[in-house]
Amino acid sequence: MEWMLSRTVYDAIVLGAGPAGLACAAVLGKRGFHVLVLEQWPGIRDKVCGDGISVFCVPQLARLGIGEKELLEAGALPILRKKEFFGNEEKTTVYEKPCYGLPRPILMGLLSHVALRRKVRIHFGFPVQKVEKEGDFYVVNHHLAGKIVVNAMGAVSFLRLAETRDLPFGISSRIFGNPSGIDNHCYHFYYGPDYGNGYAWIFPIGNGLWNVGVWNGDKRKDVAEAYRQFERSLFGEEPLNYDRKPGGAFIGASNGKVALDLPALGDAAYLASYSSGEGITYALQSAIDYAETVVL
Ligand SMILES: Cc1cc2nc3c(=O)[nH]c(=O)nc-3n(C[C@H](O)[C@H](O)[C@H](O)COP(=O)(O)OP(=O)(O)OC[C@H]3O[C@@H](n4cnc5c(N)ncnc54)[C@H](O)[C@@H]3O)c2cc1C
């Protein structure tokens, strides 16, 4: 323990700078905690997921001081209705309050600014490899000590306890273009045998960009082909103008949830919805609820 006297000891070390990690750090920072966030990527990560801000997510962002005014100023596109397609049947729902489409890097920029304004330190390019308990402290990678260490490393990390075979998988991209038969200001969801217990989707995210994707839990080996066919049905066979090429990721929605030793948030706690694939709401909510109540 003597070595700790010569090192910086943080009140809290948050593992992972995704939505959950940044939200947790921002709230702890507001409460006056000395907080360090550790992120394996060299900067804010443009993960293949999360351009859709649902009606449930908007109030969670507001808890962090990111209101609808800030979202609109950042370029978020209001989404006022959803269309669901079940074979030949179609159902339209008008939202009472707007949802938003916003490229994930912009959302991540908003979340990082809130954290940095509250004196949180973010260390990028830092892959967490080990967390040990030493007396009253947790020690990360043998040299960083925290009174609290929080796991916000997403569905798949070295600390994961659910098997990846238990996790649903999704592929999405961002495409410039004019998809056929698609409304602006609208989420579109397509259900059917090609998508098993998941669905395909397309929605606008501003500046002529569309988020397009497919996710599934029970037919994961078919997701890539289903994605390719869906993309062609929207944009035809011409070479596509990608802002971000199709990429895949697991969704933190395990049916076999397991308790972790460290407090876990968002996808790391398998809190994403198994029925909708939505996860940012739960990442923010779990992070803010935890950070507002934890005591040193
Ligand atoms: C294709 C797809 C589309 C989706 N679309 C939406 C959507 O439109 N709306 C929505 O609400 N949800 C969506 N989701 C779900 C949503 O993206 C996740 O639920 C959300 O990102 C979870 O946030 P998180 O902070 O818990 O985890 P993550 O976003 O996964 O963040 C974890 C962070 O931890 C870092 N990390 C991991 N391991 C280490 C390590 N060893 N050391 C340091 N850092 C590490 C990662 O690099 C990452 O930055 C989608 C998911 C998929 C797969």
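Predicted model: local features only at pLDDT ≥ 70, side-chain atom pairs only at ≥ 80, totals over all residues.
**Exercise 1. Where does Gly32 sit, and is Gly32 buried or exposed?**

Step 1: Gly32 belongs to the loop that joins helix H1 (19-30) to strand S2 (35-38).

Step 2: check the accessibility. The relative value is 59%, and exposed means over 50%, so Gly32 counts as exposed.

Step 3: look back along the chain. Gly21 is 11 residues away from Gly32 in sequence, and their C-alpha atoms are separated by 17 Å.

**Exercise 2. What span should H1 have, and what are its end C-alpha atoms apart by?**

Step 1: H1 has 12 residues, and at 1.5 Å a residue they should span 16 Å.

Step 2: compare with the model. The end C-alpha atoms of H1 are 17 Å apart, which agrees.

Step 3: H6 has 14 residues and runs 20 Å from first to last C-alpha, close to the expected 20 Å.

**Exercise 3. How many residues of H1 are buried, and what covers them?**

Step 1: count. Buried means under 20% relative accessible area, and 11 of the 12 residues of H1 are buried, so the helix is largely enclosed by the rest of the structure.

Step 2: name them. The buried set is Pro19, Ala20, Gly21, Leu22, Ala23, Cys24, Ala25, Ala26, Val27, Leu28 and Gly29.

Step 3: find the cover. It includes the strands S1 (9-15), S2, S6 (121-123) and S9 (144-151), along with the helices H4 and H6 (280-293).

**Exercise 4. How do H1 and H4 pack, and which residues make the contact?**

Step 1: read off the geometry. The axes of H1 and H4 (residues 104-117) come within 8 Å and cross at roughly 20 degrees. Angles under 35 degrees count as roughly parallel, so H1 is roughly parallel to H4.

Step 2: H1 and H4 cross in a left-handed way.

Step 3: list the partners. H1 supplies Pro19, Leu22 and Ala26, while H4 supplies Arg104, Met108, Leu111, Ser112, Val114 and Ala115. Sorted by class, the contact of H1 with H4 holds 7 nonpolar, 1 polar and 1 charged residues.

**Exercise 5. At what angle do H1 and H6 pack, and into which classes do the contact residues divide?**

Step 1: geometry again. H1 and H6 have axes 8 Å apart and pack at an angle of about 25 degrees. That makes H1 roughly parallel to H6 as well.

Step 2: the hand. H1 crosses H6 in a right-handed way.

Step 3: the residues. From H1 come Pro19, Ala20, Ala23, Cys24, Val27 and Leu28; from H6 come Ile280, Ala283, Leu284, Ala287, Ile288, Tyr290, Ala291 and Glu292. The contact of H1 with H6 has 13 nonpolar residues, no polar ones and 1 charged.

**Exercise 6. Is Tyr100 buried or exposed, and what does Tyr100 contact?**

Step 1: locate Tyr100. This residue is in strand S5 (residues 89-101).

Step 2: judge the burial. At 2% relative accessibility, Tyr100 counts as buried.

Step 3: look for partners. Beyond its neighbours within four places in sequence, Tyr100 is in contact with residues including Asp51, Val58, Glu68, Leu72 and Tyr187. Ile79 is another of these contacts; Tyr100 and Ile79 are 21 residues apart in sequence and 5.2 Å apart, C-alpha to C-alpha.

Definitions and conventions: Residues numbered from 1 in each chain as written. Heavy atoms only, no water. Helix = DSSP H or I, 4+ residues; strand = E, 2+ residues; numbered from the N terminus. Buried < 20%, exposed > 50% of the residue type's maximum accessible area, 1.4 Å probe, protein only. Axes fitted to C-alpha atoms, helices over the stretch in contact; angles between N-to-C directions. Parallel < 35°, antiparallel > 145°, perpendicular 65-115°, else oblique. Left-handed = near helix turned anticlockwise from the far one by under 90°. Contact = heavy atoms within 4.5 Å. Nonpolar A, V, L, I, M, F, W, Y, C, P; charged D, E, K, R; others polar. Expected span 1.5 Å × (residues − 1).
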